[in-house]
Amino acid sequence: KFDWWVPGRLRKAFRHFDIKKKGLISQSELADGLSALKLKHSAEQLYALFSSMDLDKDGLISCSEFIIFVKDPWHHFIERKIKRAIRNSALSSRDARRIFDDLDRGGTGLFGRRDFATALTQLGVAGLSTSEIQRLAQRFDIEDDGNVMIERFFNFLQGTTESTHSPARNDNRPSPHTQTPILRLL
């Protein structure tokens with residue numbers, strides 16, 4: 001029996017697939033891990049599974065990507081909903097950055113779940129259920145401590161690759177004077 005909601009269980013499951021113990025799962029490691037569990041799969045099924053888990057499309061699955069997939073395999077639907085709402089709001093990167101900075105009063109680069117919900121509302125995202133907000137927040141909560149990393153969420157909004165490999169805050173923020181649209185070509 002696998003109780004994924006028990007703290008630490010998902011990291012243990014991740015380690016099952018992380019055969020090389022590098023903190024990342026390759027497609028071949030995923031295949032080997034599934035085979036060790038006696039789960040049969042075609043090459044197409046393996047590719048589809050791996051592609052849906054590899055959020056940053058770097059060819060590797062990090063622990064946070066693994067956890068997101070297990071906790072919420074339908075996170076792609078929420079992602080599309082968020083991006084559509086923000087695209088329709090026509091916010092600039094500068095406007096979005098101002099919203100983030102105003103809510104990040106302590107300068108930590110982190111949002112609590114309540115501030116995250118407030119930021120979504122200020123970004124023009126309406127109509128998300130509490131469950132959807134929590135599930136989206138989990139995607140950007142690398143440390144699994146209830147805090148959303150602002151830079152990861154901002155990169156997600158911009159359509160740039162979201163790094164899932166390092167929990168360190170990226171202090172190389174774009175200039176607050178940048179006027180690029182928050183969502184480029186989606």
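Arg 97 is buried in this predicted model, at a relative accessible area of 4%. Its side chain forms a salt bridge with Glu 151, the closest N and O atoms being 3.0 Å apart. Because Glu 151 belongs to helix H9 (residues 150–158) and Arg 97 to helix H6 (residues 93–103), the pair ties together parts that are 54 residues apart in sequence. Glu 151 is buried as well, with a relative accessible area of 6%.

A search of the whole structure finds 5 salt bridges. Among them is the contact between Lys 81 and Glu 132, with an N to O distance of 3.2 Å. This pair links distant parts of the chain, Lys 81 being in helix H5 and Glu 132 in helix H8, 51 residues apart. Lys 81 counts as partly exposed, at 31% relative accessibility, whereas Glu 132 is buried, at 16%.

Another salt bridge joins Asp 115 and Arg 105, at 3.7 Å from N to O. Asp 115 lies in helix H7 (residues 113–122) and Arg 105 in the loop between H6 and strand S3 (110–112), so the pair ties together parts that are 10 residues apart in sequence. Here Asp 115 is partly exposed, at 21% relative accessibility, and Arg 105 is exposed, with a relative accessible area of 63%.

| Salt bridge | N to O distance |
|---|---|
| Arg 97 – Glu 151 | 3.0 Å |
| Lys 81 – Glu 132 | 3.2 Å |
| Arg 105 – Asp 115 | 3.7 Å |

Helix H2 (residues 27–36) has Glu 29, Leu 30, Ala 31, Gly 33 and Leu 34 buried. These buried residues pack against helix H1 (9–17), strand S1, helix H3 (43–53) and strand S2 (61–62). H2 is followed by Lys 38, which has a positive phi, near 65°.

Helices H4 (63–71) and H8 (130–139) each supply at least two lining residues, and H4 gives the most, with 4.

As to confidence, the protein averages a pLDDT of 78, and 81% of the residues score at least 70. Among the elements, helix H5 (residues 75–89) has the lowest mean pLDDT, 80, and strand S1 (residues 24–25) the highest, 96. Over residues 163–186, pLDDT stays under 50, although the model has 58 contacts beyond four places in sequence for this segment. Where pLDDT is low, the predicted coordinates should not be read in detail.

Key
Residues numbered from 1 in each chain as written. Heavy atoms only, no water. pLDDT = per-residue confidence, 0-100. Contact = heavy atoms within 4.5 Å. Buried < 20%, exposed > 50% of the residue type's maximum accessible area, 1.4 Å probe, protein only. Salt bridge = Lys/Arg side-chain N within 4 Å of Asp/Glu carboxyl O.
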